[in-house]
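Let us go through this protein model by question and answer. Here are the sequence and the structure.
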Amino acid sequence: MTAYLSLHWLDILTTLLGLTYIVLEYRASIFLWLVGIVMPLLDIWLYFSHGLYGDAAMAVYYTGAALYGYAVWRFGRKHGQQQGQALPITRMRRRLYLPATVFFFVAWGVTYWVLRSFTNSTVPLLDAFTNALSFVGLWALARKYIEQWAFWLVVDVISCYLYIVKGIPFKAGLYGLYVVIAVAGYYKWKQMMQQQHEQLSAHQQ
């Protein structure tokens with residue numbers, strides 16, 4: 001047992017932080033970004049040691065993005081937001097879908113090329129895919145768009161498979177749980193968004 005824990009302690013620790021993160025995200029708590037700073041710093045070490053170089057690089061991005069996300073949730077504003085109101089949950093505007101899609105495919109292609117050209121990754125296509133879609137998902141989360149759950153659902157399914165293949169069992173289990181929470185989180189945020197709309201309507205009357 002001691003030998004097993006010694007081998008997988010980093011996987012276990014980041015999994016526990018990941019559970020904390022997803023619960024805070026489900027509740028739309030700004031504290032998710034604080035966990036989001038610490039967790040990817042540890043993930044860099046974990047992923048690199050298992051040959052998931054794309055995920056290791058993505059973890060570097062996550063650290064910076066967590067700082068951005070905290071700043072947006074704390075100080076950002078959206079159209080129609082009331083004075084003193086926390087950044088509200090909204091849907092992505094239609095005009096954002098095209099640039100987001102173009103960015104995803106460009107990021108996928110560039111990441112795939114980097115993994116194929118400069119690393120010995122055995123899963124460059126899927127590793128690049130999850131990284132590219134994670135860029136979009138994290139941006140949508142930072143802007144509190146409800147569609148972020150759909151992006152993460154796809155990322156979580158593929159990541160769960162990759163971690164099983166790469167022998168990171170606790171992280172694989174975490175992402176399996178993320179799949180379930182992504183579905184539940186969408187409906188939770190949808191309910192919260194409706195409540196915000198009702199409160200705004202009542203305030204305007």
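Buried means under 20% relative accessible area, exposed over 50% and partly exposed in between, with a 1.4 Å probe and protein chains only. Helices (H or I, at least four residues) and strands (E, at least two) are DSSP runs, numbered from the N terminus. This is a predicted model: local features need pLDDT of at least 70, side-chain atom pairs count only at pLDDT 80 or more, and totals for chains, interfaces and linings use all residues. Residues are numbered from 1 along each chain as its sequence is written, and side-chain values use heavy atoms, with hydrogens and water left out.

Q: Which residues of helix 6 are buried?
A: Helix 6 covers residues 148-165, 18 residues in total. Its buried residues are Gln148, Trp149, Phe151, Trp152, Val155, Asp156, Ile158, Ser159, Cys160, Leu162 and Tyr163.

Q: Which residue with a positive phi follows helix 6?
A: The phi in question is near 75 degrees. The residue is Gly167.

Q: What span does helix 4 reach from its first C-alpha to its last?
A: Helix 4 (residues 97-118) has 22 residues.

Q: Why are the buried residues of helix 4 on the same side?
A: Ala100, Phe104, Ala107, Thr111 and Leu115 are buried in helix 4. They lie on the same side because their arc, taken from the directions from the helix axis to the C-beta atoms, is only 75 degrees.

Q: How are helix 3 and helix 5 oriented, roughly parallel or roughly antiparallel?
A: Axes are lines fitted to C-alpha atoms, for helices over the stretch in contact, and angles run from 0 to 180 degrees between N-to-C directions. Those of helix 3 (residues 53-75) and helix 5 (residues 124-142) come within 10 Å and cross at roughly 5 degrees. Angles under 35 degrees count as roughly parallel, over 145 as roughly antiparallel, 65 to 115 as roughly perpendicular and the rest as oblique. So helix 3 and helix 5 are roughly parallel.

Q: What is the relative accessible area of Arg91?
A: Arg91 lies in the loop between helix 3 and helix 4. Its contacts beyond four places in sequence include Tyr145 and Tyr186. Arg91 is partly exposed, at 39%.

Notes
Expected span 1.5 Å × (residues − 1). Contact = heavy atoms within 4.5 Å.
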